[in-house]
Amino acid sequence: MAETTPAGVTVDEVMAELAGLEDPKARAGNEKHGDDHGVNLGKLRAIAKRLRTQQDLARRLWETDDTAARLLALLICRPKAFGRDELDSMLREARTPKVHDWLVNYVVKKSPHAEELRVTWSADPDPVVASAGWALTTERVAKQPEGLDLVGLLDVIEAEMKDAPDRLQWAMNHCLAQIGIEHAGHRARALGIGERLEVLKDYPTSPGCTSPFAPVWITEMVRRKA
């Protein structure tokens, strides 16, 4: 028997709707980035807008282990309703990059447990988990840098980013760029680290987009702010 949410929508009905939106071309494109779903994200957001916030439904959709369902769950959940251990488990269960990114950006960053998880995850031996810690650190670099050891962060980036696994390297590079963009006193060192390590220097960048190569990224964003 299908379980019904308070709003009258069953998990089975939502899953059927998601299945009906499956697009082979979208799946092929997503799978190139490690995301195993074929639902257009604009259509996914439209479903979320219709369903609105439904924490119970969000939890049940997460439990399906289906990527599209989990993305929808992250759009309709109540971020502050998750406990610290629950968020930790969810991150470790997040198999695909998009689910991982949305969980961190749409849920964890809004959670009262964000700072505790930032510290815990940054020190985790799993590079994917550690990348979430670095993403939360980057958020603090931009919005709440008080108390952060920026020199220490640059030391770690300089020593470890070059040989870090892809997702961890990407997150550390973002932090490097954010330090250079937001903190003029550390900009010269951030630029120097980027130039020496050459991480993402040859990353293919679409026309009109800014390169993720830190020296280019920092210089362009500082120019725009000026």
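Analyst: Start with Gln169, which sits in helix α11, residues 166-182. Helices here are DSSP runs of H or I with at least four residues, and strands are runs of E with at least two, numbered from the N terminus. This is a predicted model, in which local features need pLDDT of at least 70 and side-chain atom pairs count only at pLDDT 80 or more, while totals for chains, interfaces and linings use all residues. Residues are numbered from 1 along each chain as its sequence is written, and side-chain values use heavy atoms, with hydrogens and water left out.

Gln169 has a relative accessible area of 13%, so the residue is buried (under 20%; exposed is over 50% and partly exposed lies in between, with a 1.4 Å probe and protein chains only). Beyond its neighbours within four places in sequence, Gln169 is in contact (heavy atoms within 4.5 Å) with Met161, Lys162, Ala164 and Val199.

Helix α11 also gives seven residues to the lining of the largest pocket, the largest share. A pocket is an open set of points on a 1 Å grid over the protein atoms alone, where a 1.4 Å probe fits and protein lies on both sides within 12 Å along at least five of seven lines; lining residues have an atom within 4 Å of a point. The largest pocket holds about 880 Å³ of space, counted as the space filled by probe spheres set on the points, which are joined across faces, edges and corners. Its lining is made of 27 residues, and those closest to the centre are Pro97, Asp101, Arg167, Trp170 and Ala171. Two or more lining residues come from each of α7 (97-107), α9 (127-143) and α11.

For comparison, turn to Trp121 in helix α8, residues 114-122. Trp121 has 0% relative accessibility, so this residue counts as buried. Not counting residues up to four places away in sequence, Trp121 touches Leu87, Asp88, Leu91, Arg92, Val108, Val129, Ala130, Ala132, Gly133 and Leu136. One of these, Asp88, has a side chain that makes a polar contact of 2.8 Å with the side chain of Trp121. Such a contact is a pair of N or O atoms within 3.5 Å; within protein, one must be able to donate a hydrogen and the other to accept it, and residues adjacent in sequence count only if both atoms are side-chain atoms. Glu93 is 28 residues from Trp121 along the chain, and their C-alpha atoms are separated by 14 Å.
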